[in-house]
Amino acid sequence: MKQWLEKQFQLSKYHTNMKTELIAGVTTFVTMAYVLATVPNMLSSAGLDKHVMLTAMVLLIILTSVAMAIFTNRPFALAPGLGSVGIVTAMIQNDGISPEITAGVIFLSGILFILVTFLGLREAVVKVIPMSLKHAVSAGIGLFIALLGAKSCGLIIANESKKSLAFGDLASPEVIVTVIGFIILLVMKVRNVAGGMILTILITTIVGIPFGVTKLPGSIISMPANIGTQFLNIDIAGALNFAYIPFLIALFVPDFFSTFGTVLGVGAKAGYLDKDGNLPGIDRCFKVDAIATSFGALFGMPSMTTYLESSAGVEAGGKTGLTVVATSACFALALFFAPVALMIPSAATAPVLIYIGIGMLSAMKNIKYDEITESIPAFVCVTFTIFANNIANGICAAIPTYFIMKIASGKIREISKVMYILVIVCLLYFYTIV
């Protein structure tokens with residue numbers, strides 16, 4: 001076994017060993033274990049079966065992360081991106097799009113990712129989307145995630161009399177537990193506590209017991225749920241409707257650029273980058289990530305993407321794919337403790353979602369505020385994502401704004417030919433919803 005691991009993962013070449021890689025793998029698991037609670041809770045709010053989605057998610061994490069380990073020998077773990085989970089939840093819950101068509105849109109976004117990757121168009125796509133809008137999409141999705149978290153626990157509600165969002169019942173047990181959890185999380189982050197998010201979720205879950213928010217399960221261990229009913233519950237033909245193109249873009253852009261940033265960021269921390277700042281074998285990472293998204297869609301799972309939390313394992317000394325094999329083993333074990341994960345209430349995951357969402361606003365620091373043709377479209381994207389309660393609305397409002405302002409300022413040369421097509425798509429999108 002030891003010889004096979006050495007041959008497969010080249011531990012000596014990367015100056016590491018089995019013990020270090022296993023510890024790093026457990027570290028990665030602890031830092032991203034919050035997905036066991038957050039993702040199923042978010043998807044259940046859209047009417048999907050919580051236990052089934054938990055089982056499907058864990059199996060996909062294991063399969064895709066191991067594939068990344070074998071195919072690339074990089075310590076990158078995959079899981080559903082919270083941004084895409086937020087978009088998918090909103091598509092079903094707010095826009096009334098069926099889960100089958102939503103899965104179809106996820107699948108098509110993965111196919112687009114696959115085409116871009118396998119046809120060598122990665123650099124072209126990076127150049128087409130204006131930098132300001134890349135950051136704005138990330139920030140807009142962040143606010144959306146924060147809002148979903150606040151709504152899931154009743155902290156924020158839709159006030160029908162005022163026709164606006166407002167605070168819910170601040171004296172309700174759910175809101176009180178959420179506030180306590182948020183305070184705990186802030187302390188965890190300030191003190192740099194390892195695994196602070198999952199610890200916050202667990203502590204807040206315990207706090208919720210006397211409040212009647214947390215319902216104790218009948219057992220701690222159970223067999224995984226049957227995911228057969230969820231497999232191939234997908235309508236690809238229905239997803240080809242023109243009206244869903246903005247959602248496809250909304251899913252593709254964060255997945256693509258999140259993967260791009262994460263593999264470079266974590267790769268730099270692991271010492272993989274060459275003298276030019278490039279990551280050798282990055283196309284292999286993209287191929288695994290792209291295929292993982294389309295494969296996950298067959299189970300109705302939002303975009304599977306490379307997780308930034310992989311950096312925790314790298315900091316613990318992880319250098320090879322063996323790190324995420326260990327991470328996958330931890331998730332496999334967690335699969336049999338589903339009752340513990342499923343008893344975690346929305347009030348315990350809401351603080352994490354709010355914190356992550358607010359943290360994603362940091363992308364706005366990269367906007368060129370002294371350049372009005374860059375900053376205004378970026379803010380249009382973020383504000384209309386929230387005001388219109390839809391990430392697609394934000395994107396489709398921002399792109400024409402960017403286009404018009406660049407032309408008006410005499411900077412038409414900064415507009416790529418593909419941008420003209422995107423503007424037409426956005427205008428047709430608004431025509432379909434008028």
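User: Happy to dig into this one with you. What angle and axis distance describe the packing of helix H9 and helix H10?

Analyst: In this predicted model, helix H9 (residues 173-190) packs against helix H10 (residues 196-211) at an angle of about 150°, and their axes lie 9 Å apart.

User: Why is H9 called roughly antiparallel to H10?

Analyst: Angles over 145 degrees count as roughly antiparallel. The angle here is about 150°, so H9 is roughly antiparallel to H10. As for handedness, the crossing of H9 and H10 is right-handed.

User: Which residues make that contact?

Analyst: From H9 come Pro173, Ile176, Val177, Ile180, Gly181, Ile184, Leu185, Met188 and Lys189. Facing them in H10 are Gly196, Met197, Leu199, Thr200, Ile203, Thr204, Val207, Gly208 and Phe211. By class, the contact of H9 with H10 has 12 nonpolar residues, five polar and one charged.

User: Good, now to H2. How do you know that Thr28 is buried?

Analyst: Buried means under 20% relative accessible area. Thr28 has 0% relative accessibility, so Thr28 counts as buried. This residue sits in helix H2 (residues 18-32). Setting aside residues up to four places away in sequence, Thr28 touches Ala77, Glu309, Ser310, Gly313, Thr323 and Thr327.

User: And what makes Thr31 buried?

Analyst: The cut-off is again under 20%. Thr31 comes in at 17% relative accessibility, and therefore counts as buried. Thr31 also belongs to helix H2.

User: Where do the axes of H5 and H8 stand relative to each other?

Analyst: Helix H5 (residues 82-93) and helix H8 (residues 131-152) have axes that come within 9 Å and cross at roughly 65°. The crossing of H5 and H8 is left-handed. Leu82, Gly83, Gly86, Ile87, Thr89, Ala90 and Gln93 of H5 meet Ile141, Phe144, Ile145 and Leu148 of H8. That contact holds seven nonpolar and four polar residues, with no charged ones.

User: Last topic, the core. What makes a group of residues a nonpolar core, and which residues have the most contacts inside the largest one?

Analyst: The residues must be buried, of nonpolar types such as Leu, Met and Phe, and joined through side-chain atoms within 4.5 Å. The largest core has 119 residues, and those with the most contacts inside it are Tyr34, Leu36, Met57, Leu82, Val105 and Phe331. Helix H4 (residues 50-72) gives the largest share of this core, 11 residues. Beyond its neighbours within four places in sequence, Leu36 is in contact with Phe29, Leu54, Met57, Val58, Phe331, Ala334 and Ala341. A second, separate core has eight residues, among them Leu147, Ala150, Leu155 and Ala350.

Notes: Residues are numbered from 1 along each chain as its sequence is written. This is a predicted model: local features need pLDDT of at least 70, side-chain atom pairs count only at pLDDT 80 or more; totals for chains, interfaces and linings use all residues. Side-chain values use heavy atoms; hydrogens and water are left out. Buried means under 20% relative accessible area, exposed over 50%, partly exposed in between (1.4 Å probe, protein chains only). Helices (H or I, at least four residues) and strands (E, at least two) are DSSP runs, numbered from the N terminus. Contact means heavy atoms within 4.5 Å. Axes are lines fitted to C-alpha atoms, for helices over the stretch in contact, and angles run from 0 to 180 degrees between N-to-C directions. Angles under 35 degrees count as roughly parallel, over 145 as roughly antiparallel, 65 to 115 as roughly perpendicular and the rest as oblique. A crossing is left-handed if the near helix is turned anticlockwise from the far one by less than a right angle, and right-handed if clockwise. Ala, Val, Leu, Ile, Met, Phe, Trp, Tyr, Cys and Pro count as nonpolar, Asp, Glu, Lys and Arg as charged, and the others, Gly among them, as polar.
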